[in-house]
Amino acid sequence: MSAARADRAVDSWAERPIAGSALRVVTTGRSGNVFEETIECLLQIIRLGIVPPGERFPPERELADQLNVSRATLREAISELQAAGWVSVRRGRGGGTFVSESHVDRLGVGTSDAGVSSEELEDTFAWRRVIETGVAETAAGRALTAAQRAEMTTALEECRAAGVAEYRRFDSQLHLMWAQVTGSESLVRSMVESRTRINELLARIPMIEPNLAHSHEQHERIHTAILAGDAERARQAMAEHLDGTAALLRGFLSRTEDESARPAESADRGEA
């Protein structure tokens, strides 16, 4: 029996926390995008069956310690997963955070339409990292005109003011603005492809408002570095921004080998 399956038989998480071998798979805090990576970790714990459907996560204090995040960050991540249907939170005696029994059906994960292979995700992330960090570095190395600086500032402000429903459109416009100020048509075309690929993935996951707040902060750092002509800082700020998005997408969309086999199994049973 695997360590993950053995843990399912444990009745009291207070007596035995999540197995260390499992935590090494889902360790958070790698790149500074703590909120996004906490969501990724929690979703991986669910996907791997470390906490199966219907069972309870460890108590908040213990889980926060095991994931090496603050309790406030953990609460925020759990709140978003609750809104998305992955977990339910029960109060009072016997309460806690439970994995939703129907979380797979609710979000379509594990189906041929919604499932995305790890290879597909990592290919998109690698492409995006090369293109968009390069755009940020190149833009910061340009002698920008007053008009370009003003256009960048306007794009940043419009993105910050955008509501949830229209956020991704203004987010894309901001990233495209950074590509435009490089003066390279090839980079603009590459940015268009990068945004198209990432937006197709983002459309499959819930819009998470705390992540938008983090994105605003990261956008500001990228913008400031470009205007200051600091190419290295611009590249690093963009990389951090991309890592946060990648963490969310891995959490919601990555499929395990078992999940990859489900569509064929469903077809054999005559299921849609």
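This is a predicted model: local features need pLDDT of at least 70, side-chain atom pairs count only at pLDDT 80 or more; totals for chains, interfaces and linings use all residues.

Mentor: The structure holds 1 cavity of 30 Å³ or more.

Trainee: What volume does the largest cavity have?
Mentor: About 180 Å³.

Trainee: Which residues are the closest to its centre?
Mentor: Y167, L202, N211, S215 and T245, out of 18 residues that line the largest cavity. Two or more lining residues come from each of helix 9 (167–180), helix 10 (185–202), helix 11 and helix 12 (231–253).

Trainee: Which element gives the largest share of that lining?
Mentor: Helix 9, with 4 residues.

Trainee: And how does the lining of the largest cavity divide by class?
Mentor: Into 9 nonpolar, 5 polar and 4 charged residues.

Trainee: Switching to helix packing. At what angle do helix 8 and helix 11 cross?
Mentor: Roughly 175°, and the axes of helix 8 (residues 146–161) and helix 11 (residues 209–228) come within 11 Å.

Trainee: Are those two roughly parallel or roughly antiparallel?
Mentor: Angles over 145 degrees count as roughly antiparallel, so helix 8 and helix 11 are roughly antiparallel to each other.

Trainee: Which residues make the contact?
Mentor: On helix 8, R149, M152, T153, L156, C159 and R160; on helix 11, H216, H219, E220, H223, I226 and L227. The residues of this contact of helix 8 with helix 11 divide into 5 nonpolar, 4 polar and 3 charged.

Trainee: Last topic, charges. How many salt bridges does the structure hold?
Mentor: There are 14 salt bridges. In one of them, the side chains of D123 and R197 meet at 2.5 Å, N to O.

Trainee: Where in the chain do D123 and R197 lie?
Mentor: D123 is in helix 7 (residues 118–140) and R197 is in helix 10. They are 74 residues apart, and the pair links distant parts of the chain.

Trainee: Why can side chains pair like that?
Mentor: Side chains of opposite charge can do so when their charged atoms come close.

Definitions and conventions: Residues are numbered from 1 along each chain as its sequence is written. Side-chain values use heavy atoms; hydrogens and water are left out. Axes are lines fitted to C-alpha atoms, for helices over the stretch in contact, and angles run from 0 to 180 degrees between N-to-C directions. Angles under 35 degrees count as roughly parallel, over 145 as roughly antiparallel, 65 to 115 as roughly perpendicular and the rest as oblique. Contact means heavy atoms within 4.5 Å. Ala, Val, Leu, Ile, Met, Phe, Trp, Tyr, Cys and Pro count as nonpolar, Asp, Glu, Lys and Arg as charged, and the others, Gly among them, as polar. On a 1 Å grid over the protein atoms alone, a cavity is a set of points where a 1.4 Å probe fits but cannot get out, and a pocket is an open set with protein on both sides within 12 Å along at least five of seven lines; lining residues have an atom within 4 Å of a point. Grid points are joined across faces, edges and corners, and a volume is the space filled by probe spheres set on the points. A salt bridge is a side-chain nitrogen of Lys or Arg within 4 Å of a carboxyl oxygen of Asp or Glu.
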